Amino acid sequence: MAKKKKGSKKKDEENLATIAVDMDVHKRIEGAREDFEETQNAILRRLLGLDGRRGGVAAAEESLGERARRAKGGGAKEGGWSKIGRHGHEVFLPNGTTLRAAYAGQTVEGLIVDGHWVVNGTSYNSPSAALIAHVRTRDGKKVNLNGWRIWEVRRPDDDRWLRLGEI
């Protein structure tokens with residue numbers, strides 16, 4: 001039988017408890033991630049001040065605020081809507097950007113207003129949420145789609161439509 005190394009990952013894992021969190025909490029934790037190597041446990045320890053940094057509930061709420069919303073789901077930013085893309089660059093759609101999507105014979109149109117995706121009078125923080133709320137399969141069932149692949153946008157200074165995922 002092999003000896004366990006001192007301080008091994010296995011030993012650390014034995015001290016962990018599993019907790020259930022809803023999707024909003026999970027998104028906030030992921031939005032506070034400082035790098036891809038940081039574990040969820042390390043994120044929570046940092047936010048709660050258990051790693052020696054300033055922490056506590058106020059610091060966690062501050063850290064999980066607007067920065068997290070933009071990092072994961074996108075959100076209002078002065079003059080429009082923004083999201084940090086998966087490659088680390090910011091995608092910014094200024095207010096007045098026209099939106100359109102076609103899925104299963106359905107066409108959906110919208111506009112970026114005050115940093116939100118506004119489709120049929122309802123405001124959304126993400127392209128996927130805006131699309132999923134307004135399209136169905138051909139037999140009327142709810143869909144789970146990646147809006148980045150379907151939405152096309154035309155920013156106020158653009159002369160043509162661009163696929164959102166290509167910006």
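**Antiparallel sheet and surface features of the predicted model**

Leucine 111 stands opposite valine 118 of strand 6, where strands are DSSP runs of E with at least two residues, helices are runs of H or I with at least four residues, and both are numbered from the N terminus. The structure is a predicted model, in which local features require pLDDT of at least 70 and side-chain atom pairs count only at pLDDT 80 or more, whereas totals for chains, interfaces and linings use all residues. Residues are numbered from 1 along each chain as its sequence is written, and side-chain values use heavy atoms, with hydrogens and water left out.

Strand 5 (residues 106-113) pairs with strand 6 in the antiparallel sense over four bridges; two strands are taken to pair if DSSP finds at least two bridges between them. The hairpin of strand 5 and strand 6 has two residues between the strands, and aspartate 114 in this hairpin takes a positive phi near 50°. Strand 6 (residues 116-119) also runs antiparallel to strand 7, to which three bridges join it. Within this second pairing, tyrosine 124 in strand 7 is the bridge partner of tryptophan 117. Strand 6 and strand 7 likewise form a hairpin with two residues between them, and asparagine 120 in the turn has a positive phi of about 50°.

In total, the protein chain has seven helices and nine strands. Of its 167 residues, 29% are buried. Among contacts (heavy atoms within 4.5 Å) between residues at least 6 apart in sequence, 36% join residues at least 24 apart. The accessible surface of the chain comes to about 11300 Å², of which 49% belongs to carbon and sulfur atoms; areas derive from the Shrake-Rupley method with a 1.4 Å probe, and for residues only the protein chains shown count as cover.

Valine 25 is found in helix 2 (residues 23-31). Valine 25 counts as partly exposed because its relative accessibility is 37%.

Conventions:
Buried < 20%, exposed > 50% of the residue type's maximum accessible area, 1.4 Å probe, protein only.
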